[in-house]
Amino acid sequence: MSKPAIEASGLRKAFGEVQALDGLSLAVPAGTVLGLLGPNGSGKTTTVSILATSLRPDAGRATVAGLDVVTEAARVRRVIGLAGQFAAVDPNLTGRENLRLIGRLSRVGRKQARARADELLDSFGLNGAADRLVRGYSGGMRRRLDVAAALLHRPSVLFLDEPTTGLDPESRFALWDSVRDLASSGTTVLLTTQYLEEADALADQVMIISAGRAADTGTPAELKARFGTVVFHLDFGRQEAAEAAHTALASAGYRPQRHGSGIEVRSAAGSGELTGVLRVLGGRAPDPVSVAVREPTLDDVFLSLTRGGEAA
Amino acid sequence: MSTIAMEPRQAAGGGVTGGPVTGGRVAAAASRIADALSDTADVAWRNLLTQLRTPQALVFAIIQPVIFVLLFRYAFGGAIHVPGTNYVDFLMPGIFAQTVAFGAVGTAVGLSGDVRTGILVRFRTLPMARIAVLAGRTAADLARNLLVIAVMIGVGFAAGFRSPHGAGALLAALGLVIAFGYAISWGFASLGLRVSDPEAAQAAAVPVLFLLVFTSAAFVPSTAMPGWLQAFGTHQPVDALVNAERALILGGPAAHDVLISLAWSGGMLVVFALLAARTYARMGR
């Protein structure tokens with residue numbers, strides 16, 4: 001636990017005019033899961049590509065399992081696995097052939113590659129489809145095979161680049177279970193996702209990145225606490241009424257957000273704060289037609305960060 | 001991390017002089033080469049399986065030269081007069097050269113497909129030998145060339161080709177053809193790595209090959225071309241190959257032409273392999 005399994009400092013990478021990474025630093029303790037959360041183009045895939053040795057940074061330094069990803073890339077490759085949107089399996093091979101090929105190329109030995117392939121097909125529920133060509137697989141089966149392919153040589157560090165993008169809920173939950181199993185068996189996981197729910201469900205630490213930089217880091221609970229413990233959703237039925245409520249709340253020190261005829265207000269003071277909110281509105285805006293109280297999601301965190309706002 | 005601890009450090013025993021260190025280095029180099037060959041075989045096997053399972057490309061690789069045999073043997077052949085020989089015996093060496101030259105399009109298309117699907121990204125993060133991605137691709141394309149050439153021999157014989165100087169001469173000529181095909185396929189490997197769209201790779205590759213094949217003496221004697229075209233057409237590798245094949249198959253002093261063709265193929269192989277390896281290494285920059 002003393003030295004992080006993944007450590008990066010000041011990573012920069014530009015593609016032509018576009019600065020994909022602008023000084024990103026991170027550290028992932030061994031055996032934990034870091035969720036890298038950000039929208040398209042925020043630098044998630046670039047980060048993973050650099051850490052997984054398929055791309056060189058313009059500046060900055062990174063180590064995986066204590067090995068430098070640029071100068072010791074060949075040794076890094078022996079301890080990492082990569083699965084994700086841009087690291088594919090071969091559609092014209094069967095699931096079993098894919099795993100055996102990648103196993104041999106991962107230098108686990110011919111016999112071991114066969115045994116591991118069978119084992120992984122079994123544990124990822126692909127036994128029935130093992131000898132069918134991957135081009136006939138569903139999206140969920142392909143992703144599971146993709147993750148299995150990253151595990152042939154039992155990597156100690158696993159990179160998952162948007163592993164569930166485009167999957168139906170059932171496939172997504174099945175993949176989540178696999179990731180949890182891996183993490184509990186001691187594998188360090190760096191996972192990128194656009195889904196806040198996914199980071200919440202899987203990650204020990206979440207790093208929110210935006211425009212190639214870390215915007216915030218913390219445990220899912222910490223982030224939620226920092227950005228409020230409850231969210232009040234008030235619906236006024238009409239946009240003008242919501243605008244009036246927005247003005248009233250803003251002048252009273254809240255930081256409301258308006259979506260159409262609805263207003264959202266975050267509060268760190270718990271659901272009791274609803275009384276205060278309604279008192280502010282009394283007389284200055286029509287009564288809301290509905291009021292809902294919910295727990296904040298990482299969406300709330302993310303939206304307020306990328307809009308530069310802060311919770312009340 | 002036990003996986004790391006197991007790896008022997010190369011610098012170990014730095015103070016020891018002479019035999020053991022050198023021996024260790026040789027053994028390490030030998031084992032690296034063995035690993036690279038084994039990786040190449042694995043990648044080649046994967047590419048061959050892929051080709052067999054997408055047989056359209058293979059079928060077109062065969063149909064195209066067959067059409068050229070029919071076209072030149074029966075449609076144009078009557079109008080082409082080559083002194084001292086049957087036109088079909090003159091034609092087939094050209095067909096063999098054309099077949100493997102256009103086979104190199106498959107190398108470009110295959111690699112650009114690997115770029116597009118993302119399988120190259122996975123390969124780049126595996127502890128495999130990097131050169132195996134390229135060597136495995138060109139080896140599979142060499143195997144495909146062997147198959148297509150075998151079919152073309154059959155088609156040639158059906159169209160009246162007789163290889164007047166015997167089987168040995170024909171086999172020697174085909175050896176040159178295969179060597180040329182292997183070298184040029186490395187040339188198109190770089191192209192395939194640079195475009196992530198198989199159609200674009202094909203569109204870029206075909207005109208170059210057309211230029212080389214149709215300015216050479218593949219189908220008509222160069223003497224029938226205007227001087228400026230001859231100047232280009234007779235100083236390029238397809239023409240050198242066709243001349244060497246004809247010298248062997250039709251008889252005559254062959255050593256000079258054979259050496260020129262081998263020099264072209266050897267030179268192309270070295271330059272193109274270095275270029276392709278460099279292109280692949282730079283993909284992560």
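Good morning. I begin with chain A, where four strands form an open sheet in the order E2-E1-E4-E5, with antiparallel pairing. Its edges are E2(A), residues 18-29, and E5(A), residues 67-68, each of which pairs on one side only. Please bear in mind that this is a predicted model.

Within the sheet, E1(A), spanning residues 4-15, runs antiparallel to E2(A), and nine bridges join the two strands. As an example from this pairing, Ile6(A) has Val28(A) in E2(A) as its bridge partner.

I turn now to chain B. Here we find eleven helices and zero strands. The C-alpha trace of chain B spans about 75 × 45 × 35 Å along its principal axes. Of the 285 residues in chain B, 44% are buried. If one takes the contacts in chain B between residues at least 6 apart in sequence, 82% of them join residues at least 24 apart.

Finally, how do the two chains meet? Contact involves 23 residues of chain B and 27 residues of chain A. On the side of chain B that touches chain A, at least two residues come from each of H1(B), residues 2-5, H2(B), residues 19-53, and H5(B), residues 119-124. H2(B) gives the most, with six residues.

Thank you for your attention.

Terms used: Residues numbered from 1 in each chain as written. Chains lettered and ligands numbered in written order. Predicted model: local features only at pLDDT ≥ 70, side-chain atom pairs only at ≥ 80, totals over all residues. Contact = placed C-beta atoms within 7 Å. Pairing = 2+ DSSP bridges. Buried ≥ 20, exposed ≤ 12 C-beta atoms within 10 Å, placed from the backbone.
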